[in-house]
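Subject: Structure handover

Hello,

Here is the structure I promised to pass on. Please open it and keep it beside this email as you read.

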Amino acid sequence: MRGLLKHRGALAGTVLLLTVLAAALLAPVLAPYDPARVPTDLAARSMRPPGREHWLGTDLLGRDLLSRILYGARVSLLVGLAVALLTAALGAGVGLLAGFYAGTIDAVFMRLTDAIMAFPTLVLAIAAVAILDQPGLLALILVLAAVQWTAVARLIRGQALSLREREFVSAAYALGARDLRILVRHLLPNCLAPLLVSTTFGVASNILAEAGLSFLGLGIQPPAVSWGSLLSEGAVYLTAKPWLVIFPGLAISLTVLGCNLAGDGLRDLLGPHPAG
Amino acid sequence: MGLLAFALRRTLQLAPVLLGLTLIVFALQALALGDPVRAAMGQRGDPEVIARIRAEYGLDAPLWAQYGRYLARLLRGDFGRSFRQQVPVADLIVERLPATLRLALAAMGLAVLLGVAAGVTAAVTHGRLADLAMMTVALVGISTPVFWLGMMLILLFAVTLGWFPISGYGEGDWRHLVLPAFTLGGLHVGYIARMTRSSLLEVLREDYLRTARAKGLREGVVLLKHGLRNAALPILTLIGIGLGDLLVGAPLTETVFAWPGLGRLLVAAAANRDLPVVLGATLLFALITVGASFLVDCCYVVADPRVRFAGGRR
């Protein structure tokens with residue numbers, strides 16, 4: 001923890017992330033307007049450029065962009081974090097089993113990850129979304145986790161492969177420990193550092209993936225709002241009303257930058273582990 | 001072992017990957033079984049007609065038989081027929097592929113050129129202001145959503161400055177290519193710059209570099225012939241992995257710039273639930289990724305003879 005405070009990049013990243021998280025949690029308090037309600041004086045409020053009343057401007061339906069970005073943060077962060085947690089759990093599970101048991105299990109799992117990793121992640125996600133036909137938030141999270149877990153599995157498998165040869169594992173066996181106990185009590189804790197680093201980077205790539213899908217109109221559907229769907233709505237007016245595109249994109253960039261800074265910092269602090 | 005033998009053995013190693021990825025596409029197809037025909041026909045579709053179409057597409061046979069038939073059809077270059085447009089998916093892909101390849105190659109070229117240049121500059125000025133500036137830009141670069149970067153480039157260079165067209169293919173006019181290529185390559189410039197820097201910094205500490213300098217070689221020669229050549233492998237690896245990343249950006253970039261490529265074909269088909277087209281384009285993206293990493297592997301052998309003599313056990 002002291003190291004974190006000394007590492008400038010990690011500190012900046014963590015502060016950035018905490019700020020975004022706080023803004024998302026406090027959206028109902030912070031948002032100056034209802035993000036979904038169309039104002040009664042629509043004609044006067046539609047497509048206002050950024051100004052004193054609406055700091056970041058308004059959209060076609062006169063809705064305050066700042067409020068929409070604050071509420072959008074909740075969906076974007078929720079997807080980013082939920083997918084990262086699922087990915088970490090699934091990746092760590094598969095990686096530990098494959099690395100620990102090696103042999104056939106390993107071969108099968110690794111061929112599976114080979115095959116999945118041959119697809120560009122977003123392409124596979126688009127295909128899955130097309131098949132599911134307008135998935136809801138939960139299905140979207142599951143789809144993203146299903147295409148993103150492979151890198152984590154590879155990483156943890158590598159760790160497990162080298163850890164299982166270590167003396168403390170033989171010692172645990174000699175003491176009569178079973179496989180499950182060794183996996184959970186001895187291997188898993190030793191994989192936590194790289195897992196944490198890759199999960200931090202993972203949040204960034206999940207937020208980007210959700211934004212990409214929603215931007216293409218295949219992710220979050222109205223009336224729900226995410227940063228990606230805000231960009232999707234704004235893209236139509238790019239040349240005439242650029243603020244509708246500039247600000248949601250800045251929100252994404254800053255958040256992803258925060259994750260990358262924090263991830264770089266954690267990697268420096270926790271030792272030389274390769275991470276996605 | 002020669003390049004040819006190496007290439008041949010890598011091809012054999014590719015077989016399980018190819019089998020696996022066709023299996024995934026097939027599984028996705030099976031997952032959607034029944035629904036696509038109904039979706040294409042609408043809720044009031046005549047059950048008899050639906051049954052006939054299912055038989056026509058071979059959707060009533062057992063799964064393993066369907067997979068076998070699916071593979072056989074793929075080998076003949078038959079990717080199925082579009083539900084919506086009633087033309088072979090292969091025709092649609094062939095029509096769109098050149099635009100995507102052109103864009104991806106231009107983007108990769110730009111990314112390598114800019115990324116290596118920035119990385120070398122940063123490594124040489126290690127710890128000084130230029131290094132910090134380059135690495136900050138690189139970090140911001142990898143944190144920016146591709147499609148948003150594209151729209152910002154449009155605002156600046158097309159709308160405000162008027163240097164390049166806003167979007168479209170422009171029948172191959174190079175000016176139409178500039179902004180999409182920068183957009184798609186932009187993310188990768190950051191990755192390549194970071195990797196070039198760290199990889200070169202490591203090589204710069206080696207003894208043989210001191211030797212080269214002691215021989216009185218000019219700094220430029222030392223850096224490029226002795227430094228960068230030895231730092232090339234990790235960069236090559238990154239380019240190989242990166243092609244996958246690059247293709248992730250293709251659907252987004254092509255959508256932003258109305259670029260008539262494979263990515264836009266995929267997105268439009270996904271919006272229309274035209275599953276044969278979705279799955280065909282998805283499979284092709286995977287094949288391009290696998291093909292690219294194969295080429296990069298062959299480049300290893302050319303760039304570093306050690307790989308060849310190590311018997312390819314990487």
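First, the ground rules. This is a predicted model, in which local features need pLDDT of at least 70 and side-chain atom pairs count only at pLDDT 80 or more, while totals for chains, interfaces and linings use all residues. Residues are numbered from 1 along each chain as its sequence is written, and chains are lettered from A and ligands numbered from 1 in the order in which they are written.

**The two chains**

Chain A has 12 helices and 0 strands. Helices (H or I, at least four residues) and strands (E, at least two) are DSSP runs, numbered from the N terminus. The C-alpha atoms of chain A fill a box of roughly 75 × 45 × 25 Å along the principal axes. Of its 276 residues, 49% are buried. Buried means that 20 or more other C-beta atoms lie within 10 Å of the residue's own; exposed means 12 or fewer, and partly exposed is in between, with C-beta atoms placed from the backbone.

Chain B has 13 helices and 0 strands. Its box is roughly 85 × 55 × 30 Å, again for C-alpha atoms along the principal axes. Here 39% of the 314 residues count as buried.

Now look at contacts, meaning pairs of residues whose C-beta atoms, placed from the backbone, lie within 7 Å. Take those in chain A between residues at least 6 apart in sequence: 71% join residues at least 24 apart. For chain B, counted likewise, the figure is 71%.

**Where the chains meet**

How many residues of chain B are in contact with chain A? The number is 40, and they meet 38 residues of chain A. On the chain B side, α1, α6, α7, α10, α11 and α12 each supply at least two residues. That side divides into 32 nonpolar, 7 polar and 1 charged. Ala, Val, Leu, Ile, Met, Phe, Trp, Tyr, Cys and Pro count as nonpolar, Asp, Glu, Lys and Arg as charged, and the others, Gly among them, as polar.

The largest nonpolar core has 159 residues. Such a core is a set of buried Ala, Val, Leu, Ile, Met, Phe, Trp, Tyr and Cys residues joined through C-beta atoms within 7 Å. Among the members that touch the most others are V123(A), I192(B) and L266(B). Leaving out residues up to four places away in sequence, V123(A) touches L247(B), V248(B), P251(B), L266(B), T282(B) and F285(B).

Start with α6(B). It has 15 residues and reaches 21 Å from first C-alpha to last, close to the 21 Å expected at 1.5 Å a residue. The expected span is 1.5 Å times one less than the number of residues. M134(B), A138(B), G141(B), I142(B) and S143(B) are buried in α6(B). Their cover includes α12 of chain A, with α5 and α8 of chain B.

α5(B) and α6(B) pack at about 145°, with axes 7 Å apart. Axes are lines fitted to C-alpha atoms, for helices over the stretch in contact, and angles run from 0 to 180 degrees between N-to-C directions. A118(B), T121(B) and A122(B) of α5(B) meet α6(B) residues including M134(B) and A138(B).

Is α4(B) well covered or hardly covered? It is hardly covered: 1 of its 13 residues is buried. Just after α4(B), G77(B) takes a positive phi of about 80°.

Best wishes

Definitions and conventions. Two residues are in contact if their C-beta atoms, placed from the backbone, lie within 7 Å.
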